[in-house]
Amino acid sequence: MPAAGVFSLIWLLIALPLFGAAVLLLGGRRTNSWGPYLGVLTVVGSAVLAVLMLVAMMGHSAEERSVGQTLFTWVFAGGFQADMAFQLDQLSMVFVLLITIVGSLIHIYSIGYMSHDADKRKFFGYLNLFVAAMLLLVLANNYLLLYVGWEGVGLASYLLIGFWQIKPTAAAAAKKAFIINRVGDVGLSLAIMVMFVTFGSVSFSDVFGQAAEASEGTLTAIGLLLLLAACGKSAQFPLQAWLLDAMEGPTPVSALIHAATMVTAGVYLIVRSNAVFDRAVWAAGAVVLIGLITIFMGAIIGSAKDDIKKSLAGSTMSQIGYMIFAAGLGPIGYVFAIFHLLTHGVFKAGLFLGAGSVMHGMKDNVNMRRYGALRGLMIITFVTFMAGYLAIMGIPPFSGFWSKDEIIHAAFERSWVIGAAAILGAGITGFYMTRMIAMTFFGKARWEEGVHPHESPAVMTIPLVILAIGSTFLGMALLFWGNIETWLEPVVGFASNPTQLSSTALMAITLVVVLIGAFIGWRQYGAKPVPVDAPSGNWLTRAARRDLYGDLVNEVVVVRPSFTLARWLTWFDSSWIDGFVNGSAAFVGGASGRMRRTQSGFARSYALSMLGGAVLIVAALVLVRLS
Amino acid sequence: MTEVNLGEEIVFWFSGGLAVLGALGLILSRKAVHSALWVALTMINLAVLYVANSAPFLGMVQVVVYTGAVMMLFLFVLMVVGVDSSDSLIETLKGQRLVAIVLAVGLAILLVAGIGAGLTDVVPVGLDEANGVDGGNVQGIARLLFTDYLVAFEVTSALLITAALGAMVLAHRERWLPRASQEELSKARFTGTGHPGNLPSSGTYARHNAVDTPALLPDGSPSAQSIPGPLVARGDVRPVDHHDVEQIESLDGGSK
Amino acid sequence: MNPANYIILSAILFSLGAIGVLVRRNAIIVFMSVELMLNAANLAFVAFARMNGNLDGQVAAFFVMVVAAAEVVVGLAIIVTIFRSRRSASIDEPNLLKY
């Protein structure tokens, strides 16, 4: 449908934060005083506009909800055309709402969190840039424009992780994130190239419309390449190593980018390309496998980290693994992947901002072994954090219960083996989250000298409260009042298979497993006193503390061979290529040095060579004549 | 002459042999003047050969221009450069002599073989008819010069003028100092060393008054200044015969 | 006698002139050897003119003589000029245009 009414302002959704970024980053120090507020206003403006568009869209019938707006033809080269055009359908609408609303809350939170930072104007500029790029990513109507947004969020992530760039660890973490993302980006660009070769165009309508005519091999290739891209952006195995290091950035960054939005871009890509994955069974199978591996990887790593942010990062990795896993299940899972994405976005942002509030009160200490007994001193933080905790555990009626249980149900629809694995993952989730709250809010106080925990200012606690309300009620709201399944069905398709166990039985089993995990976690960390120095632990604990050797694998498989190759190439260049070039130059020099001795300066020797030449010519003539 | 008759053959062998002899003399003489004379011999013989080949005009031009003008020009320049100038026999460039002789001999063999092989059965047409067209060899050449080869003729005349100008420019001596005036010349003459006046001329006697005969000073001794320096240096001064002087004095009546 | 004998004589004189150019060091003698070579060429022209029966060869020889005369004029002037500044008539003397 063409854009009309409020939808003619789709471009404004992106333009507002982009304008904010431009003013803040290009305006320089002059904008230092009022810059942050401008940054907040632009995103809030986009949020208001998004809500208006939602209202208008809900008024349309299901077939008319997809709205398109073309600004201009961007690339027109021979047979290839890509427009600067947007598509706002049901899928992008929910993403736009998530990005703008959660983004606004985090912007408001950052006013308090970054109030002492001298570079906070730049921070808001980068945040606005990120919001603009992410909106472009979800609103694009062709893969090329999506790639622009994809790269944009990667850039913003790099800038924000390394925001405190004088810290060497932050700079290294930013570089690592960018490079690993780049590996995934190669997948996306190759996928776009294959699409162009196969379909002649990269716009969604053309690709999805013609997907039925492409061979399964081609679609499998496209699917696997898109999966590679999603792994990079969403920190899935094997490109997961950057997410934990990304916690070097400020906490609002971790909340917005590495919990709620950017890392979900991979899920968006897979769900958007459902037309490809529906027809490429092997690619979809690979998606499920990757998701499953990452669920356990993230959970195990999150269980052993003492840094509260890194533990939450491991949890994010695991939860996104759930989403990817659900997306790989096909039409039975797409809707629930998005559902879980939305609820996770809200409660994980709440958890991260809560962690930031705790850090703020504990003088920016992130070691949970130095927390303890904070529930009486940081009440609002504690209550909101508990809301997020209950949501992520999947305790009814909190939001996470509805989305995660639907995923487990869909897993059982495929096979009970993976269903059981999903339930086990939920159990481990219960374990590590209980460990986290036990070490932070309960138990004895293990604070360092001079630390006086206090509640954060209102500008930080109000977003926490709003997010906690979302963590509590969003699940029910989306499922019952918003009819999320029917809302997304026109875009992604929805199917349902019967399972051996009824849904109620599944819910009960899941709840029991989660509570067992929580009980183990409480017994380990809540009942017993927590030692301040980390005990050595068994082999799994040690492996989990080292990110399940993810960095080691990258080092051995990628980094060291690259360095060796570079060293060999340098040697080859300097000895062989330079040798050849220098050698030919030396040869020419030597040859001319010898040849110039024929220029003796004596006219008689020149005359002799002239006579020699004349004799040769006469001889040639005579020979030709005589033969 | 369409064929070569016996007389021409004799002329050929004689003049040709002398020409080769002259060429050998040119390249083998030590003194430059000798080489010049040998060359003149070669050229005159070549003029004879031209005439034998029914080219009388060219033969005369060869004698007048080549032997007369060009070789005389060579001799003049030899006088400027130094008639005594002679080459040492040692060759300074390594291998030059050997390679030069080999190459030149090779060239001669090639030319002889090539041309000889090509001209074995040729009967000369002879120039009787060509010379008879315009009534003579000179007229025939003149016709060709002023019709077929007119442009070449004009160009060579321009060349000659250019050559003359070039020689004048090259041989010109630039005056670095201002020309000395008459006054300065006189001053230099009388204030400097040397004899200010004229030198005495050589003695004039009844039997001898040549350049190498000295004049007598008042005391009867010969004046060395009256004889040109080179002759004195060579010792070519003729001694004065005092017997003749006394005889004249007695004839004179003893007036001293 | 074969009229080609004149050509053979010309070839011999030409080679002797070439030897003279290459072997002698006095500039004037070199020049004279060049004149010898030109004369040999003239003899060949005249002989061929007789063989072919037209006077073009003789006209060519005539032009050779004219040009040779002009060449001698300029060449000797150059030798004189060089002799004035260098006091030597050897052609090995001016050898500064070398490596």
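Here is a short exchange about the chains of this structure and how they meet.

This is a predicted model, in which local features need pLDDT of at least 70, side-chain atom pairs count only at pLDDT 80 or more, and totals for chains, interfaces and linings use all residues. Residues are numbered from 1 along each chain as its sequence is written, chains are lettered from A and ligands numbered from 1 in the order in which they are written, and side-chain values use heavy atoms, with hydrogens and water left out.

Student: What share of the residues in chain A is buried?
Tutor: Buried means under 20% relative accessible area, exposed over 50%, and partly exposed in between (1.4 Å probe, protein chains only). Chain A has 24 helices and 2 strands; helices (H or I, at least four residues) and strands (E, at least two) are DSSP runs, numbered from the N terminus. Of the 627 residues in chain A, the buried share is 56%.

Student: How many residues of chain C are in contact with chain B?
Tutor: Contact means heavy atoms within 4.5 Å. Chain B brings 87 residues to this contact. From chain C, the number is 66.

Student: How much area do chain B and chain C bury between them?
Tutor: Buried area is the accessible area (1.4 Å probe) that two parts lose on being put together, summed over both. Carbon and sulfur atoms give 74% of it here. B:I27, B:Y66 and B:F74 supply 10% of the area that chain B buries against chain C, more than any other three residues. The area for the two chains is about 6,900 Å².

Student: Which residue of chain B meets C:R50 in a salt bridge?
Tutor: Side chains of opposite charge can pair when their charged atoms come close. A salt bridge is a side-chain nitrogen of Lys or Arg within 4 Å of a carboxyl oxygen of Asp or Glu. Between chain B and chain C the count is 1. At 2.7 Å, N to O, the partner of C:R50 is B:E8.

Student: Which helix gives the most residues to the side of chain B that touches chain C?
Tutor: Several elements give two or more residues to that side, including α1 (6-28), α2 (32-52) and α3 (56-81) of chain B. The top giver supplies 14 residues. That helix is α3(B).

Student: Which residue of chain A forms a salt bridge with C:D92?
Tutor: The closest N and O atoms are 2.8 Å apart. The chain A partner lies in helix α24 (residues 603-626), and C:D92 lies in the segment after α3 (56-86) of chain C, so the pair joins two chains. The partner is A:R604.

Student: How far apart in the chain are A:R369 and A:D306?
Tutor: These two form a salt bridge, with closest N and O atoms 3.0 Å apart. A:R369 is in the loop between α15 (334-361) and α16 (379-393), while A:D306 is in the loop between α13 (281-304) and α14 (308-328). Both are buried. Along chain A they are 63 residues apart.

Student: Which side chain of opposite charge is nearest to A:R121?
Tutor: For charge, Lys and Arg count as positive and Asp and Glu as negative; His and the chain ends are not counted. A:R121 is in helix α4 (residues 120-139) of chain A. A:R121 is buried yet has no salt bridge. At 5.8 Å away, the nearest is A:D119.
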